[in-house]
Amino acid sequence: MQRYFIDESLNLEGIFVLEKDDNHHLVNVMRAQNGFKIEVVDNQSHLYLAQVIEVENRQAALKVFQELDQQVELPISVTIASGLTKNDKFDWLIQKATETGMSAFIPLSLKRDVVKWDAKKTPKRIERLEKIAKEAAEQSHRLMIPSIYDLMTLNQLFEITDDFDHLVVLYEETAKQGEHQALKQLMMDVKPGDRVLAVFGSEGGLDESEIQLLMSKGFKETSLGPRILRAETAPIYFLSAVSFALEIN
Ligand code: SAM
């Protein structure tokens, strides 16, 4: 069943219309007529079943008829902050990180990035990543769409670290030194509702000066195991480990 997100609070028997693009999809792509059922998630992350009650001038009106109780979100909120990788890899990262439960994404400008974002094109890139996150959230039946933040430098990231309960930097050199305990310790330390900020390097990795800065701000160097993962793979491994530790074992 198709799932849509709506930026308003819904309730049982409530009547509503979808936002422009979603209405177009429902009416013109799904060719919905009266009685057509959808899943809809409101801005309180409540999931409902709704059905089309009228289609007029290509605008569908829908009525909520059942609330569904589906706990599909990770018990903790994970924000992924990653150095800039090539477009298609970022697209893939956002899609897979949404499927594996990411709450928010921060593109980070780091010293060893092989890609630089042109300031004028950044808003369009963010818009593109938001669209990918929305589609992946619908497909994976999430109850929220991950937020995509604007491009940040490390100093700008440090301005928001107080919003988080745990700060980790996934560091390849920690892995190479064979120190793999930190991730398990993090999973033992987190409590439901905690907010985790996880920093990742891009293809070039993290510069020693960046690691020193991150550690001075309270970030814990953490290994993802003995193999060196691609920049787009590492966040997915991290989110999968969180899911395994907190959801399915
Ligand atoms: N250029 C680096 C090198 O050759 O050592 C590799 C960087 S890796 C492609 C990109 C990012 O993924 C790293 O900066 C780190 O954040 C993360 N990463 C990859 N494998 C990891 C591991 N085994 N442990 C911790 N972080 C890892």
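## The shell around the ligand

Ala, Val, Leu, Ile, Met, Phe, Trp, Tyr, Cys and Pro count here as nonpolar, Asp, Glu, Lys and Arg as charged, and the others, Gly among them, as polar. By these classes, the shell around the ligand holds 10 nonpolar, seven polar and four charged residues. This is a predicted model, in which local features need pLDDT of at least 70 and side-chain atom pairs count only at pLDDT 80 or more, while totals for chains, interfaces and linings use all residues. Residues are numbered from 1 along each chain as its sequence is written, and side-chain values use heavy atoms, with hydrogens and water left out.

The ligand is surrounded by 21 residues, the closest being L170, E172, K176, L224 and R227, where a residue is near a molecule if one of its heavy atoms lies within 4 Å of it. Helix α5 (residues 172-176) contributes the most to this shell, with three residues; helices (H or I, at least four residues) and strands (E, at least two) are DSSP runs, numbered from the N terminus.

Nitrogen atoms of the ligand lie 2.8 Å from a backbone N or O atom of L224 and 3.0 Å from a polar backbone atom of E203.

## Paired strands

Strands β4 (residues 47-56) and β5 pair in the antiparallel sense over nine bridges, given that two strands pair if DSSP finds at least two bridges between them. Within this pair, L49 stands opposite Q66 in β5. Strand β5 (residues 59-68) is also joined by two bridges to strand β2 (residues 15-16), again antiparallel, and there K63 is the bridge partner of I15.

How values were computed
Polar contact = N/O pair within 3.5 Å; in protein donor to acceptor, adjacent residues only side chain to side chain.
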